[in-house]
Amino acid sequence: MSGQHIHAEPTNFFRKHVFSVDHKVIAKQFLWFGLIWLGIGGVMAMMIRWQLANPGEPVPVIGSMLFPRTNGVLDPATYNTLFTMHGTIMIFLGLTPLMIGAIGNWSIPLMIGARDMIFPLLNCLSFWAMFLGGAVGFISLFVPLGATEAGWTGYPTLSTTINGVGSGETLWAIAVFLIGASSIMGGINYMTTVIRLRAPGMTWQRLPLTVWGIFLTSVLNVLFVPVIGSAMLLLIMDRVFGTTFFIPASIMQGAGGGDPILYQHLFWIFGHPEVYILILPAWGIIGDLLSFFSRKPAFGYRAQVGAMVAVTLLSAVVYGHHMFTTGLSAMLGESFMLLTMIISVPAEILFFNWLHTLWKGNLRLTTPMLFSMGVIFVFGLGGLTGIYLATIGTDIFLHDTYFVVGHFHLTMAASALFATFAGIYFWFPKMFAREMNEFLGKTHFWFTVIPLVTVFCLMFVMGYAGMPRRYYDHTSAEYLRSLQHLNKYATHAAFLLGAAQLVFVYNFIRSRWWGKPASQNPWEVGTLDWTMETPVPHYNFKEIPEVFTGPHEFSNPDIPDGKDWISMTEKLKA
Amino acid sequence: MRSPFTQLVCLATVAIGTLSSFKALNFFGSDPRADEDHSQMIAEELPHARPPRGVPLTITEGTWLRAPGEEWIIQQNELARKQGLEPRFTEDPSAADGEGAWIDSTGFIQKRYDEEEDFWAYWQWVGPAQLTRGRRDFVQFCSSCHGLDGDGYGRSGQWLRPSPRDFRQTNFKFTKVLANLPTDDALKRLIKRGLDGTPMLPWDLSDEQITDIVQYIKSLSPEGMGWRDPFTGIGSIVEAGENPWAGRENFAIKHGEKVYHGVAQCMLCHPGYVNPRDLPGLLDQPEDTVYRENLYLPVLKDSEYEVLGEKVKILPPDFTFHTIRSGQTPQDLYETIASGIKGTAMPAWKGSLSEEDLWALAYYVQDLVEEYKDKPAERRGLMERLREGL
Amino acid sequence: MNRSLIGLGALLALTACGGGDSAPKPQKSTTGSTSSSTAETTTTAKSTDTGGAAKASGSQDWNDSMGTATVSGAIKFEGVAPENKAITMSDVDPKCPGGAEETILVSNGGLANVVISVNKGLDGYKFAKGTGAVNLDQKGCQYIPHVLAMQAGQTVSITNSDDTVHNVHSYSKRNQAFNQAQPAGAGAIEKKMSQKDKSFPIKCDMHAWMNCQVVVFDHPFFTVSDENGNFTLPKLPAGTYKLVAEHESLGKQEAEVTVADGGTETVTFSYGQSAP
Amino acid sequence: MNRINSLLAGVLSSRWMKALAVVGMAGVAEAQGGNRWAPFPPASDFGHRFSELFWLITILCSISMVIVVLLLLIPLLRDRARPGHKANYDHGSSLHDKRLTAVISLATFIVLDAWVLAIAMKDLREAYWNMPEVDQAETYPIEVLGQQWAWHFRGPGLDGEFGTPDDILEMNQLTIPKGRPVSFQMTSKDVIHSLFLPEMRTKKDVNPGSINKTWFKPIEAGEFTILCAELCGYAHYQMFGNLTVMEQEDFDEWEESASLLGIAAYDPEDEEAQWAWEWEE
């Protein structure tokens, strides 16, 4: 720990802003990168919703610009591309960089009292690997025959050359591989940093929950992202070098002899932990924020940490519930059903503790607090609907319908997104030394949460009524035509949701450059990041601080000067 | 074990190893065709033994394709004028290196002389840019059934009957034209409509995309065949004129039954739908005439279509059972009956039967479909009535 | 309009880059070849569509008075002629009387239905298109004649003398192929055969046994052997010719013959069971 | 365990469950011509079980969600920051709190998950996994071949054997008898498809390279829907078919004519068209 050097601040523009190894700069790079991709993915979602509500009608405003060949109409191939890339972008290029890249990079060293990540160069590499992945993904949108159309899950043999011979799918696999490499680099860095660089006195039990969440996510990243890496490599080999890992003998007319189901196992061995990769930091963040803004210690801190660790462990053994209809044997099916049900125990512990943290608190309803409470609500909806999908009997009907779409959007998308927004609103004053507008923030929250819940609850209804997902046009089948009205409602709500994000964009940009200068600790919390000066100086801490209290000592009667919070570097009375 | 790369490799190995053992334990079920002798099959070098890789997507050279003649061009222009549109073709004497050509949005049409054959024919120039666009759309949308080379033997096209069109055979069943080859508009209509009861779906593609695909499909004609054959005739869709039975549909159905079993003798190939006791009356034959065995079943017919070099046979539809491919309205059925189905035993009836008979047939067939198809009780009643006479 | 201009632009760009001669110029061969080998773009006189521009220099228009020689002969069939299989027609169509196959018809050792034509040696002449019509009748659910040779420009008039329906399914290559139904009492189907065409069948799909062979020549020197296998090719100009006999199932045979003005030569072809 | 199961079964078949199911289906009647908010009623035997299970989960989840929302709303209204108001200092680390956490979580698990799990297991073992024996005479076997973008169904025809001329081949249309278990063996030509029969409440992936099996027993005659539930490329959304369930006597008649037409269409020289495989035990 004494080995944390301080190098002189680079003066070269490239070294300072582009290829910087400073975790704060990298966090901001991830932030901008993620926000831009979030915007792109969001626009794609809007186009998808437009098509679903008005099948075959030209997309207004941007349609004729983006799709001149069809006069602005989305053709089914473009539609498939859109929902595939929407999924990929949102997960790998939107939420991952924001949640893990930006918030992780920003908060870990500051919260544990370190001068930087333990491997600053690896950190830089991690961002640029992801940037490269994003660039490859972006390029894949413009190759002949278009980008991938095989869904974000990219199941073979649809994703092998059996179906498409264009290079879009290959580039997609390369992009996912690169992003995976970035995640592994980040994961190793975060894990090591948390283990090695905690300030004196920052015991594991004083670690803020945010750091716990990101730490556990990093563990999952390092363990399971290699699996998707291998799946992508094999897919690339199948596509480029003519191997047949995932192409069965029968459609090779006897040659080869791979198995497309093998890919599904590989994908979901990664894919289910990926859900927790996105949700664990969210849980950590809101575990902290609920405590911070209730002015009350995090209820059952150890139980929360224990629950998150349990989820981390269990997440590896439940992946089979994604594959109940692929023909798993009865034994496997029942095992996975049971294990999936068991994972709800830690989730219930977390819910209980969050709600108990709020109970009899002194709630400051700031924007980050609203978003944190929003996470409880939307994750509650999403988590409970998971029971339907964990139960084979109901999953058989609901699998690959809009019910699933509603479910995973509420859990891994909306919850993670809300926690990300909470995090951005929360750390913005420290990051950019300016305050975000609270009124706009609250407007953003209410205009996000209401349409969002409307959209995805309507999707539950659609799925329950039997509407399969990934359909270009639900008016094509008689059976689905009577559900089209639900699509219209959902699209109206989705547009409102999209419009609400403009409030955020406006607020973010205005506050970034023209916002009110922030004080050192506007939220009055005691974690190390808030007890340092604003803006954060180069190499964070001139002196590595020493920690004496936990992160959540709010309203402790032993706090010296009548405040309801205490810095972690201060000592309590007596 | 320190570097992420080593970790990645190790973990992937473990994962794949585990799953391979799953595979070995037959967790995923068995392969239906795995029992066949693989080495034998590879030795035969089946057309798609390997997934396609490195498929060319760009066409660098344009091509001349046969086009309908000046008569058609003038007709198209008049049609557009009637609809209040700009004429479709403009004559530009300076186009095509000053040789003069008719120009429209798809390129230009020129009358050209074949010295060797001493023959003048109309040819359309299709440029490489359009062919490339068409090629790409074709690969993306059509190749899974029609094959990457348009040989009608894509992966999803195998084992499929009726088999997907092999564009190198330049024969099209449901284009509803009298000549060998259809006009672009006829092909476009077919692609947009699809064929009922087959994987040839109604394609939700833009007009421009379909135009490009059509040009590309035409360019798949081998040398001296189809659109590369100067002697080929290109025709427009058979126009259904005035419906002589409008308002008298019931009479049309009755008359259609007479035509079907009488003068047209459709039951030579299709099933008969009247009691054999009534047939002699309709056909003006002695009472004791014996008709073909299985009069209530269709007869398998030869066709000109080939799959892997072998001619396939085609079963004429039983209208009370099979799905009619190209439309079930009297209008559609009229067009199909009048123009025949290319490459099959179904001849063109236009000119051989009066318009009234043709429309009556269309109404009768439509009635058969409506009354009995997918209606088990009704169909059972019909079959019982028919068998009484046997 | 715009599109074509873009296409032209792309083309020009390609040509400018030296990327193969794919410019849309009239070429000698209009078979629509994409091959870039036709570098030379001989601009043929784009005069008029007379349908008969001069073919080669030195050829002269043919008229009947120019030919005075005759080639005659016989087609022999050696060995025992196979028996023609009987066709049961009534189980398909009670209106068909029944009959026998007509593929190999041998009478008095002569083979009928062989097309004899002059193949080589007529380069110096230019023949006008044929005129008039030849009849192809369907009677007793068979084609009459079974083999039809005609000259390009002539019309084939297909009639139905039966009391049942036929479909006339032509497999012609260079003339418009067709498949036309012809119910009892329907008028004749007239099809102009404007191009020479190799032997192609006309079939009836409703009565699967029905078929006939049609050959279209671009000159008048052809004939079909009669029932005894005899044939005569009159009004030939003096010269050396290659004579081709073609039978639908027994194949082709060739013979060289030289005739002088006013002379008569005899040629005998002989087929047998073992013939190709 | 048996007593619990029978208790659960009793609750499930009780009147209030039925009443709820009726409410849930209410949308359907109104939907015949227009818009609907609910699926069409189940038409297979285990479909009813799964529907009941769905409603059980819905009730339990609704109660849980109401509790969560209440616990969010009460502090939101009661405990907002205001001058003079202080938060309760409580780490929740006392033994009592730990016990409370454990008890509530486990109770929730038992009420929410274990109950559902028990019923689900019972349903699965009694119905869904309980695939009918193939040699059973009343089982009607179907071979399914999925392709981009159509469903092929092959019935055994009159002789009950696959791969014979009288096989019944249907495309995008499946005809089956009512009241008999229908057994499916499925594979795909090209990519993964998923046979989704919404009214039968069943779905099974159709994988290339392996045979997947499923079954159900239709208990209603009528016209139903076949959809594809696994993204299979460009025209995934157009890959649907029609399922006709016929009364046995109608089906017998249909099977006979379909078989005869199958024989009429059979071309022994066209080996390629005979894609049937040996029915696997």
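The model is predicted, so local features are described where pLDDT is at least 70 and side-chain atom pairs count only at pLDDT 80 or more, while totals for chains, interfaces and linings use all residues. Residues are numbered from 1 along each chain as its sequence is written, and chains are lettered from A and ligands numbered from 1 in the order in which they are written.

**Helix pairs in chain A**

Two packed helices are described by the angle between their axes and the distance between the axes. Here, axes are lines fitted to C-alpha atoms, for helices over the stretch in contact, and angles run from 0 to 180 degrees between N-to-C directions. Helices (H or I, at least four residues) and strands (E, at least two) are DSSP runs, numbered from the N terminus.

| Helix pair in chain A | Axes come within | Crossing angle |
|---|---|---|
| helix 4 (residues 76–112) and helix 8 (residues 260–294) | 11 Å | roughly 40° |
| helix 5 (residues 120–140) and helix 6 (residues 168–196) | 8 Å | roughly 165° |
| helix 2 (residues 23–53) and helix 5 | 10 Å | roughly 15° |

To put words to such angles, those under 35 degrees count as roughly parallel, over 145 as roughly antiparallel, 65 to 115 as roughly perpendicular and the rest as oblique. Handedness has its own rule: a crossing is left-handed if the near helix is turned anticlockwise from the far one by less than a right angle, and right-handed if clockwise. Two residues are in contact if their C-beta atoms, placed from the backbone, lie within 7 Å. Residue classes work as follows: Ala, Val, Leu, Ile, Met, Phe, Trp, Tyr, Cys and Pro count as nonpolar, Asp, Glu, Lys and Arg as charged, and the others, Gly among them, as polar.

Start with helix 4 and helix 8 of chain A, which come within 11 Å and cross at roughly 40°. They are therefore oblique to each other, and their crossing is left-handed. Among the residues in this contact are Ile91(A), Leu95(A) and Met99(A) of helix 4, along with Glu274(A), Leu278(A) and Pro281(A) of helix 8. The contact has 9 nonpolar, 1 polar and 1 charged residues.

Next, the axes of helix 5 and helix 6 of chain A cross at roughly 165°, which makes the two helices roughly antiparallel. Helix 5 of chain A passes helix 6 of chain A in a left-handed crossing. Residues that meet here include Leu122(A), Ala129(A) and Gly133(A) in helix 5, and Leu171(A), Trp172(A) and Gly186(A) in helix 6. The contact of helix 5 with helix 6 divides into 15 nonpolar, 9 polar and no charged residues.

Helix 5 of chain A also meets helix 2 of chain A, and these two are therefore roughly parallel to each other. Their crossing is left-handed. On the helix 2 side, the contact includes His23(A), Phe30(A) and Trp37(A), and on the helix 5 side it includes Cys124(A) and Phe131(A). By class, this contact has 7 nonpolar, 4 polar and no charged residues.

**Where chain D touches its partners**

In the contact of chain A with chain D, 89 residues of chain A meet 78 residues of chain D. Helix 11 of chain A gives the most to chain A's side, with 10 residues. That side divides into 49 nonpolar, 27 polar and 13 charged residues.

A residue is buried if 20 or more other C-beta atoms lie within 10 Å of its own, exposed if 12 or fewer, and partly exposed in between, with C-beta atoms placed from the backbone. In helix 11 of chain A, 14 of the 15 residues are buried. Lys360(A), which follows helix 11, has a positive phi, near 55°.

**Chains C and D**

Chain D has 5 helices and 10 strands, and buried residues make up 47% of its 281 residues. Chain C has 1 helix and 22 strands, and buried residues make up 37% of its 276 residues.
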